[in-house]
There are 6 protein chains.
Amino acid sequence: MTSQTSPNSTARADGRAVNELRPISITRGWSQNAEGSALIEFGNTRVLCTASLTEGVPRWLRGEGRGWVTAEYAMLPRATNTRSAREAVKGKIGGRTHEISRLIGRSLRAVIDMDALGENTVVLDCDVLQADGGTRTAAITGAYVALADAIAWAQREGIVHRRKSPLTDSVAAVSVGIIDGVPVLDLPYVEDVRAETDMNVVVTGSGSFVEVQGTAEGAPFDRDELNSLLDLALEGTAELAAIQRSTLEEGE
Amino acid sequence: MTSQTSPNSTARADGRAVNELRPISITRGWSQNAEGSALIEFGNTRVLCTASLTEGVPRWLRGEGRGWVTAEYAMLPRATNTRSAREAVKGKIGGRTHEISRLIGRSLRAVIDMDALGENTVVLDCDVLQADGGTRTAAITGAYVALADAIAWAQREGIVHRRKSPLTDSVAAVSVGIIDGVPVLDLPYVEDVRAETDMNVVVTGSGSFVEVQGTAEGAPFDRDELNSLLDLALEGTAELAAIQRSTLEEGE
Amino acid sequence: MTSQTSPNSTARADGRAVNELRPISITRGWSQNAEGSALIEFGNTRVLCTASLTEGVPRWLRGEGRGWVTAEYAMLPRATNTRSAREAVKGKIGGRTHEISRLIGRSLRAVIDMDALGENTVVLDCDVLQADGGTRTAAITGAYVALADAIAWAQREGIVHRRKSPLTDSVAAVSVGIIDGVPVLDLPYVEDVRAETDMNVVVTGSGSFVEVQGTAEGAPFDRDELNSLLDLALEGTAELAAIQRSTLEEGE
Amino acid sequence: MTSQTSPNSTARADGRAVNELRPISITRGWSQNAEGSALIEFGNTRVLCTASLTEGVPRWLRGEGRGWVTAEYAMLPRATNTRSAREAVKGKIGGRTHEISRLIGRSLRAVIDMDALGENTVVLDCDVLQADGGTRTAAITGAYVALADAIAWAQREGIVHRRKSPLTDSVAAVSVGIIDGVPVLDLPYVEDVRAETDMNVVVTGSGSFVEVQGTAEGAPFDRDELNSLLDLALEGTAELAAIQRSTLEEGE
Amino acid sequence: MTSQTSPNSTARADGRAVNELRPISITRGWSQNAEGSALIEFGNTRVLCTASLTEGVPRWLRGEGRGWVTAEYAMLPRATNTRSAREAVKGKIGGRTHEISRLIGRSLRAVIDMDALGENTVVLDCDVLQADGGTRTAAITGAYVALADAIAWAQREGIVHRRKSPLTDSVAAVSVGIIDGVPVLDLPYVEDVRAETDMNVVVTGSGSFVEVQGTAEGAPFDRDELNSLLDLALEGTAELAAIQRSTLEEGE
Amino acid sequence: MTSQTSPNSTARADGRAVNELRPISITRGWSQNAEGSALIEFGNTRVLCTASLTEGVPRWLRGEGRGWVTAEYAMLPRATNTRSAREAVKGKIGGRTHEISRLIGRSLRAVIDMDALGENTVVLDCDVLQADGGTRTAAITGAYVALADAIAWAQREGIVHRRKSPLTDSVAAVSVGIIDGVPVLDLPYVEDVRAETDMNVVVTGSGSFVEVQGTAEGAPFDRDELNSLLDLALEGTAELAAIQRSTLEEGE
């Protein structure tokens with residue numbers, strides 16, 4: 001047995017085991033103006049998630065008695081190591097931004113009963129204040145907390161039924177990847193750029209898949225590698241779900 | 001045993017078995033001006049793929065002796081059942097278009113040796129002339145044929161080394177999904193809108209994964225369902241790889 | 001008499017007489033989703049024309065009982081010999097594209113009785129799949145066929161009165177130009193770039209002018225040259241009108 | 001003989017004969033900053049034309065020893081009877097603006113010897129300060145005067161050869177149209193909206209055509225009508241050429 | 001006492017005293033189509049101001065019985081010594097343009113009683129035809145005249161109450177600055193680029209401040225300098241108010 | 001004497017004296033990736049300021065041996081009480097954003113010796129995470145701290161001369177306004193919307209003015225009111241300068 005395949009291997013730059021998450025921190029209510037908010041940290045990755053809940057739905061949904069949840073992801077220009085131009089200055093949103101916004105929206109919609117939400121809209125804004133890999137998975141995980149708080153607020157206000165929560169489950173996400181042939185969990189930037197395969201997995205609190213997005217950055221990957229990555233992801237998201245749960249219980 | 005779970009079930013609207021592709025047609029050289037081109041049809045889905053190979057690379061790659069491959073996907077306004085506004089008229093490219101363009105580019109880059117390509121650039125344009133589900137998978141499958149022809153042309157012209165092809169493998173893609181609990185292969189539009197889970201899988205000619213993108217549109221999916229979908233996808237892409245091979249052999 | 005001025009001159013690169021059209025082909029119904037469609041070819045120029053007919057009119061026309069017909073022209077990036085950037089990527093439509101879209105729209109509106117069309121809108125999309133000169137004239141000629149089919153469909157559906165067609169005439173277009181002092185009909189790209197004067201003429205089936213757009217690319221032209229060009233254009237469009245007629249009769 | 005067909009008919013709202021121009025006024029040097037400028041008036045239509053001559057040419061022309069002339073047309077928001085939104089505010093230039101800018105550029109290039117101009121660029125800005133029909137023809141006619149002055153300036157400065165003017169001829173433009181079946185010259189707005197056929201004709205000082213753009217706004221037009229319109233246009237542009245000549249002689 | 005601090009100093013390039021305005025000219029009704037208009041000149045700076053008054057207000061103001069006044073500022077490309085690209089061509093409005101448009105709008109709203117205006121909207125377009133410093137202050141001063149005329153028109157038409165003018169005061173603006181330590185009034189371009197401090201002051205006819213915008217371009221300025229600049233500005237705007245008054249009285 | 005005019009008046013909603021700042025907090029180095037950063041809080045207003053220092057200058061400054069400092073201001077969509085659309089989504093930057101970005105840039109440039117900075121560029125990004133009035137003044141005050149740290153870093157790295165700091169002074173800003181006739185310091189949102197006059201004042205550490213921007217939102221203001229506002233602003237910025245100084249001394 002080589003140390004590389006050991007789950008307790010210390011070959012990672014930050015000394016973590018291959019199946020170990022970075023330190024996770026979730027600060028609920030960081031933003032006072034939003035109906036729900038959370039500042040989430042996956043190690044040095046720091047994302048501010050706000051949930052804006054308003055009555056009414058977009059025109060194409062009106063009169064159907066159902067709600068809508070959508071998301072927008074963005075990165076501050078100096079969240080990263082070198083500054084990037086603002087998308088507002090460039091006058092258009094890049095493909096990567098679009099792609100991640102859509103992923104976050106789909107992930108959250110998977111745990112919402114739109115009929116129970118009623119004709120209300122939630123916009124989840126996930127702004128990366130500091131980036132060190134895994135920003136989209138931190139965003140999904142934090143957005144769930146903001147969403148849960150916004151819905152609790154709407155229930156207290158009587159905008160949403162007090163007894164019947166539109167939340168059907170929780171949802172969290174984590175990245176996994178293969179580095180030097182070894183599957184590892186929750187990649188920071190230095191690992192991310194070296195990974196041969198990179199996968200983002202979105203999983204419900206009850207352990208089912210919402211999204212599986214795996215990409216061969218270097219060599220294509222085989223079925224066994226895929227299975228190892230999915231194992232790691234299920235382990236990591238279960239841990240994140242527990243953190244979400246205890247965070248949300250605190251305020252009660 | 002219900003007929004629905006049988007692999008030979010005829011419950012699909014077009015009478016196909018669950019593991020059966022739609023009729024596939026690839027017309028090489030459909031466009032005379034491009035270095036490589038293919039009009040590919042997956043049933044009623046019809047995509048024109050052209051490969052434009054030019055000497056030189058983008059500024060950020062210059063002087064490294066390596067090439068570049070990128071892709072742009074678009075849909076004619078009336079490719080679909082109801083007309084959509086042109087992205088050029090709206091003045092911006094939508095998130096879905098960006099996402100698919102990026103997927104096609106990554107998929108093709110996975111089977112190219114950039115050093116062997118040398119300082120040359122290939123742009124793959126995939127324009128959907130008629131859409132009936134699976135446009136992105138048809139685009140990838142057809143773009144490979146256009147790319148192979150463009151590279152063969154560059155080898156004949158002496159732009160790329162005649163003996164050492166930059167192509168390391170072939171690549172093809174197919175959609176799979178779960179409908180009424182049954183995993184099926186290659187979904188046309190009517191099935192796509194009903195699918196609980198929708199997955200696009202990109203596989204090399206030698207059977208390794210390049211991309212796995214699965215999304216729960218309805219209920220989240222479990223590990224067994226994921227495995228069934230991957231089985232179907234490997235079966236389908238193997239068949240597509242064989243069609244690509246015979247298409248490319250024809251002209252020789 | 002010099003061979004150059006002879007109508008049977010073989011001085012043209014493709015051996016045509018000065019008053020001879022390129023091989024013309026019109027494939028009706030090439031696109032299954034549109035109410036009307038035609039793939040038209042003027043030699044190697046290939047344009048896909050679709051007619052999308054929907055009930056209702058733009059806001060500024062509502063309540064007047066009259067219809068609306070408009071057109072959008074575009075070129076695939078690799079329709080031409082060297083690839084051009086997509087207008088959607090550039091985020092704006094170029095002047096040439098605008099100009100041609102407007103010309104096509106005006107040309108088709110000239111043969112439509114808007115009162116008979118009723119409060120319905122037809123959008124003609126003309127996408128150049130392959131370009132070899134004369135794309136705007138091929139687009140007009142093909143768009144007429146798509147429009148005629150869309151209107152026939154609307155009459156069958158009872159959206160437009162079955163007895164009173166909104167079509168008042170047919171319309172076709174052709175380019176003419178002066179090369180080395182000789183007026184010629186239907187210029188492919190190699191002739192177009194050499195022409196001293198370039199003219200696009202749009203003519204109804206009954207032989208009246210809808211548009212005459214002549215431009216001196218090199219030396220200004222005199223009244224006699226203008227007259228010769230108009231003669232050629234009337235001859236060419238009469239032939240195109242006959243082809244349109246027989247194409248539309250086929251399906252009956 | 002009806003009064004309508006008489007060239008001295010007073011049926012026009014402003015009492016002009018059918019072949020009579022509106023009062024024409026050209027103020028040279030209206031703008032002090034430009035190398036050449038002219039405020040031109042065709043009746044109430046008022047266009048400020050400036051010619052900006054700079055050394056150097058666009059990148060695609062460098063090193064060929066030839067010059068470049070281009071034009072931009074625009075309208076102040078309240079040049080017209082009701083205010084239109086600024087194109088800068090809308091963030092894009094409309095089709096009509098593009099079309100006219102291109103027409104002005106082509107018209108002026110027709111009377112310039114680019115080799116004699118040398119590697120210098122002239123940009124003609126034609127801004128409509130007040131609009132009452134015929135703005136594009138006034139713009140061409142005024143832009144010629146601004147161009148001539150800019151070239152004279154460049155010759156005095158030694159930027160362009162003092163003995164060999166790049167101007168090969170003068171150029172002017174006028175609109176003609178058919179109203180109630182009668183061909184008339186130089187249409188103000190009230191006539192323009194009523195015209196069945198509308199034609200803009202650009203003619204050199206020596207009487208050759210640079211552009212002929214005729215459009216059937218209502219019924220298509222026949223060969224005889226076309227000929228009458230061309231006769232009127234040649235008459236009108238000859239008069240404008242004489243006014244340009246005397247205006248340019250004044251300052252000498 | 002040094003000549004520099006003397007109010008009659010002739011140290012300025014154009015020989016003016018430090019507290020002397022450039023020659024001011026206001027031509028009312030320069031534009032026939034607008035409800036009010038003025039061509040204003042501050043020396044060589046020339047701005048065309050039009051006021052477009054229409055019934056109705058923007059959606060967000062409807063039903064409140066109050067009016068709206070807004071402004072748009074722009075510069076012709078060759079208003080300046082070297083040509084700048086059109087904002088419409090660039091597809092976006094620059095920060096400076098935005099800033100000035102907003103300043104003009106606020107300045108004019110300060111002298112309007114929105115209740116007395118009723119549900120009517122005035123758009124002030126200020127287009128700089130020739131620029132030589134102070135374009136924004138000329139624009140405000142001229143826009144007031146155009147606005148006054150548009151309101152007088154609306155009163156004559158009965159759109160606005162004939163007895164109760166919505167104008168509560170007049171408004172004018174002037175630039176002041178410190179050059180070589182000396183505060184001066186109404187800076188032309190040559191002075192503007194040399195000024196250490198640049199201030200634009202908007203003052204009502206009755207002598208109160210509407211806007212004070214001072215910027216240290218070079219060294220920061222102290223309280224005494226600020227006071228001297230404000231003194232000069234009050235002197236200059238009082239003179240401008242008198243010119244506005246006599247201009248508006250002329251037509252009565 | 002009324003309690004309103006007393007400097008110790010408790011008439012403000014948050015109980016502050018008229019000349020009292022909100023609680024000010026500056027967290028240096030909040031962002032690990034930037035060369036300098038500060039999270040600044042003026043009460044509930046929270047702005048993240050980062051300074052990105054890179055070698056080299058924009059093209060138009062090259063070869064002059066001088067540096068460049070610029071700023072970009074933006075607000076997260078849910079920084080405010082109701083969510084606003086992202087400027088990146090709208091595809092353009094609003095006038096207010098432009099105006100504030102320019103103000104911040106000018107303010108910081110006023111305390112930089114560009115020759116001492118050398119050919120280096122600093123971009124100051126000021127992103128409002130939570131807004132409660134005074135965001136632009138907090139941004140300037142925080143940006144100074146980020147800038148000072150970035151310059152200290154560049155001096156340690158030897159990019160900028162170790163002995164000769166390009167900082168010539170410090171700079172801070174505060175808002176002042178007149179509410180119910182009483183001049184007050186540092187307005188939160190609830191006061192801002194009620195203010196008759198609103199002024200932003202930028203002052204150096206040594207007490208000179210960099211910018212004075214006063215606007216009459218309601219009634220115009222007179223000279224005495226202006227003087228009272230300036231007094232308050234000088235008092236407030238002196239306090240902010242002291243806080244900046246002690247913050248920057250901490251890390252030493």
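**Note on the structure**

1. With a relative accessibility of 4%, F:S175 counts as buried, where buried means under 20% relative accessible area, exposed over 50% and partly exposed in between (1.4 Å probe, protein chains only). F:S175 belongs to strand β6 (residues 171-179) of chain F; helices (H or I, at least four residues) and strands (E, at least two) are DSSP runs, numbered from the N terminus.

2. The model is a predicted one: local features need pLDDT of at least 70 and side-chain atom pairs count only at pLDDT 80 or more, while totals for chains, interfaces and linings use all residues. Residues are numbered from 1 along each chain as its sequence is written, chains are lettered from A and ligands numbered from 1 in the order in which they are written, and side-chain values use heavy atoms, with hydrogens and water left out.

3. The surroundings of F:S175 can be listed. Leaving aside neighbours within four places in sequence, F:S175 is in contact (heavy atoms within 4.5 Å) with F:T137, F:V184, F:L185, F:D186, F:L187, F:M199 and F:N200. The side chain of F:S175 also reaches the backbone nitrogen of F:L187 at 3.2 Å.

4. Between chains F and A, 34 residues of chain F contact 34 residues of chain A. The two chains bury about 2,900 Å² between them, 44% of it on carbon and sulfur atoms; buried area is the accessible area (1.4 Å probe) that two parts lose on being put together, summed over both.

5. Twelve salt bridges are counted between chain F and chain A, a salt bridge being a side-chain nitrogen of Lys or Arg within 4 Å of a carboxyl oxygen of Asp or Glu. One of them pairs A:R83 with F:E72, with the closest N and O atoms 3.1 Å apart.

6. On the side of chain F that touches chain A, the elements giving two or more residues are β3 (45-55), β4 (68-75), α1 (87-90) and β5 (120-130) of chain F. The most comes from β5(F), with six residues.

7. Over all chains the count comes to 114 salt bridges. Within chain A, A:D14 and A:R16 meet in a salt bridge (2.9 Å, N to O); A:D14 is partly exposed at 42% relative accessibility, whereas A:R16 is buried at 4%.

8. A:R22 forms a salt bridge with A:D132, the closest N and O atoms being 3.9 Å apart. A:R22 lies in the segment before β1 (24-28) of chain A and A:D132 in the loop between β5 (120-130) and α4 (135-157) of chain A, so the pair ties together parts that are 110 residues apart in sequence. A:R22 is buried, at 5% relative accessibility. Salt bridges that share partners join A:D14, A:R16, A:R22, A:D132 and A:D186 into one network.

9. D:R86 forms a salt bridge with E:E72, the closest N and O atoms being 2.8 Å apart. This pair crosses between chains, from the loop between β4 (68-75) and α1 (87-90) of chain D to strand β4 (residues 68-75) of chain E. D:R86 is buried, with a relative accessible area of 11%.

Key:
Polar contact = N/O pair within 3.5 Å; in protein donor to acceptor, adjacent residues only side chain to side chain.
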